[in-house]
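Please read these points with the model open beside you. They go residue by residue first, then move to wider matters.

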Amino acid sequence: MASAVVATPVLGAQLQVKGNASRSSRSSASGAVAVRLNKSFSGLHSVDLSNAASSATSSFNVHAVKSSRAGSQRNPALAVVASAGEKKNILILGGTRFIGLFLARLLVKEGHEVTLFTRGKAAVTSQLPGETDEEYAAYSSQVKHIKGDRQDFDSLKDVIGGKGFNVVYDINGREGTEAEAILNALGDLDQYIFCSSAGVYLKSDLLPHREIDAGDPKSRHKGKLDTEALLESKGVRWTSIRPVYIYGPLNYNPVEEWFFHRLKAGRPIPVPNSGLQVTQLGHVKDLAVAFVKALGNEKAIGQVYNISGSRYVTFDGIARAAAKAGGFQEPELVHYNPKEFDFGKKKAFPLRDQHFFTSIEKAQAELGWEPEFGLVEGLTDSYNLDFGRGTFRKAADFSTDDLILEKLGKKTFVAA
Amino acid sequence: MATLQAAVSCSNVSQLTCNGVPSSSSRSSSSAVVSWLSPSSKFSSELRLSSVSSFSQSTSVLQNSSVVSQVRREALRPGKVGAARAATGEKNVLIINTNSGGHAVIGFYFAKDLRAAGFDVTILTVGEESSDKMKKPPFSRFSELKEVGVQTIWGSPADVGAAVGSAKFDVVLDNSGKDLDSVKPVADWAKASGVEQFLFISSAGIYKSTDEPPHVEGDAVKGAGHAEVEKYVSELGFKSWASFRPQYMTGSGNNKDCEEYFFDRIVRGRPILIPEPGLQLTNISHVSDLSSILTLAAQKPEAANGQIFNCVSDRAVTLSGFARLCAKAAGKEVEVILYNPKAVGVDVKKAFPFRPVHFYAEPRAAKELLGWTSKTNLPEDLKERYAEYISIGRDKKDIKFELDDKILEAVKQPVTV
């Protein structure tokens, strides 16, 4: 498979030539042997920004991608890419929690000046699981920090203004007013890149959601829609990224963690209704790369992009994939009717009980971006670097599970 | 339809069938009002030559026009028909077309699209011209093909040579066989007679079920039937070969009911009974989407060579959602009732026209390799389908709903007449 992510490796990095017979006619047609650069140990791979506008790659070759990946070696050596784009002075709003952790590292590696703007509640930098000491040292010594509160609009001009930032990555903005305040403090920008959400889409019988589809003015992500509208109305050079469900190591949203807790406890997994609801998970590292691909890309100005995995997945399928990822036995799935229960404020299942998935074709075509992780592979990465090491964000809470199991006459578990 | 033909400059079309016998007037298209030619159809009169195939050129909602649609618009300009045959080295395409079933309509649209794109076309329908099967659409409308210069012949795929005689073809589409036994003679004949490009209508039904939809070209398939054909054809050494995997189709001229099942119930105030959970995803594409993929493949044999193409639109719809869209198109309310076929004791294949599981493929290869874009727009397409449904008086037809009643009885719902 021809890949748009072709990087110039330094000596020592291994190149793995992908020989996939069933797609060889594609490779030869494009005139190039398909080459995949091994990722660095932390799973991040370097991005050649000059290829950002290159032609779309095979987006339907997921099967082949998976099979070649199974045997790929993780190479601890970093492959540094000479950036073809201009060096930017970047302000990241957020950057210390999840997406920003990976995004900031990629941007620093690309040679940009990167400053995180946070309240300082979390450590400005901390070593990521799987990150070598050298990698971490390189990052932490270069990334900068400004302490402050983006909600304190009046303070912003003093705190972040006049420092020469020409690009903003707004990872944690929720309302249009928040973006507006940042814009007022900073003046003209080369680009304002915003992390929105596919949650803005109006529910539909016709799927997948595409960027041209209507948003839902009543959704709880309305603030994201408002922000996009605000950016457009201000004549800003903006790009908006709409992820679906993000997963990966250090996820603070209990998506995969919810499944892993139950698998580890050997418990059945309660799934609402049929389990055939189709959704979409996207690995945080793929998302970070997409954010980088948007940078300096003229095609991306004024555009929104859905970013997630190349395949969709049923609820039952996520449970099975999570089991594979963690090396667990295939789980018992228990289906229940949520209407028959009152769970109070607790969530009995981490995902919205409906179809929820998007087409990523626009990003593939215009950003030259491809998701690298298949679902099982991505969940394995998350498991190996996070839950499988004994770390998680939210302790296991099986109270809603027990309500369900009891009502359905299934064996309930004694707390371990 | 008659007025339309007069408006088109190429009305003096070939009336010959393979035997040189003038086509029977009884097979001319139904004189019923073809309301899909009404002003609501969003294309100019210039395009009406292949009006049926460019049916859903609605520019609302969906994908922007692409280079592909531009090429199509140019190709649709009248003037080439009739003259093309005498001319110069236009490629000659043979379509071997099934005489019944969901795929029958594909050949009808493909033939028209090919003519508009400048190809010479012969359509070989399986069986006999005199067969009762020829009274149903699209066969009942073959005069439309003849009018644009398509040769219509009848014969057997087991002996294509006998049917086409000495005619030479550059491209062959087998839209008939479902297994190696039926396609092998066609493929062998094509290879032996120097056909350069062999195209095969397979089925998205061969994909193995998955936890991770959609079905994407390259995914594992069940080995028998169509898959065996694909393998055989791929090994025959054609200069170019490709396989096309369709799902469900809607469109005027369809041989098999699709949305009609839903309209039948909606106009009579009956509920739509759907195997639970109702959110199963499927692809219901306008057949012109399929024919445009096929036409692009014929126009770009190198790009298409050795490829599988999911022949579907790029939006899926849920089963309940489709019922709702049909109701909306009809301007009526609908009640959807979900049921468990096993619990009720009905054969779901007889009770419902679509598979009761996720059956969802995406046309990624067509988009990527052929630069194709989908034009299916179900909300608009279904309005036109509904108009035709009414125009042929099907809403007045006396239909028995025995299976529906059995299901309703089992789920203890009274039927309001």
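1. N273(A) sits in the loop between β11 (269–272) and β12 (278–279) of chain A. Its phi is positive, about 55°, although N273(A) is not a glycine. Helices and strands here are DSSP runs (H or I of at least four residues for helices, E of at least two for strands), numbered from the N terminus. This is a predicted model: local features need pLDDT of at least 70, side-chain atom pairs count only at pLDDT 80 or more, and totals for chains, interfaces and linings use all residues. Residues are numbered from 1 along each chain as its sequence is written, chains are lettered from A and ligands numbered from 1 in the order in which they are written, and side-chain values use heavy atoms, with hydrogens and water left out.

2. L250(A) also deserves a look. This residue is not a glycine, yet its phi is positive at about 75°. L250(A) belongs to the loop between β10 (245–247) and α8 of chain A.

3. Check two cis peptide bonds. In chain A, the bond from L207(A) to P208(A) is cis, with omega near 5°. P208(A) is in the loop between β8 (206–207) and α7 (222–233) of chain A. In chain B, E276(B) and P277(B) are joined by a cis bond, with omega about 10°. P277(B) falls in the loop between β8 (272–275) and β9 (281–282) of chain B.

4. Now the aromatic rings. Over all chains, the whole structure holds 37 aromatic pairs. A pair is two rings of Phe, Tyr or Trp (its six-membered ring) with centres within 6.5 Å; planes under 30 degrees apart are stacked, over 60 edge-to-face, and the rest tilted. W258(A) and F349(A) are edge-to-face, because their ring centres are 5.2 Å apart and their planes stand at 75°. W258(A) is in helix α8 (residues 256–264) and F349(A) in the loop between β16 (333–336) and α11 (361–366) of chain A, so the pair ties together parts 91 residues apart in sequence.

5. What is the volume of the second largest pocket? About 1,000 Å³. A pocket is an open set of points on a 1 Å grid over the protein atoms alone, where a 1.4 Å probe fits, with protein on both sides within 12 Å along at least five of seven lines; lining residues have an atom within 4 Å of a point. Points are joined across faces, edges and corners, and the volume is the space filled by probe spheres set on them.

6. The lining of this pocket has 39 residues, and G102(B), Y248(B), K256(B), P353(B) and R355(B) lie nearest the centre. It divides into 15 nonpolar, 14 polar and 10 charged residues. In chain B, β7 (248–250), α9 (260–267), α14 (348–351) and α17 (402–410) each supply at least two. α14(B) gives the most, with 4 residues.

7. Confidence needs care. pLDDT is the predictor's confidence in each residue, from 0 to 100. Chain A averages 84, with 79% of residues scoring at least 70. Chain B has a mean of 84, and 77% of its residues reach 70 or more. pLDDT stays under 50 over residues 1–84 of chain A and over residues 1–88 of chain B. Where pLDDT is low, the predicted coordinates should not be read in detail. For the complex, the predictor gives an ipTM of 0.80 and a pTM of 0.81.

Conventions. Ala, Val, Leu, Ile, Met, Phe, Trp, Tyr, Cys and Pro count as nonpolar, Asp, Glu, Lys and Arg as charged, and the others, Gly among them, as polar. Contact means heavy atoms within 4.5 Å.
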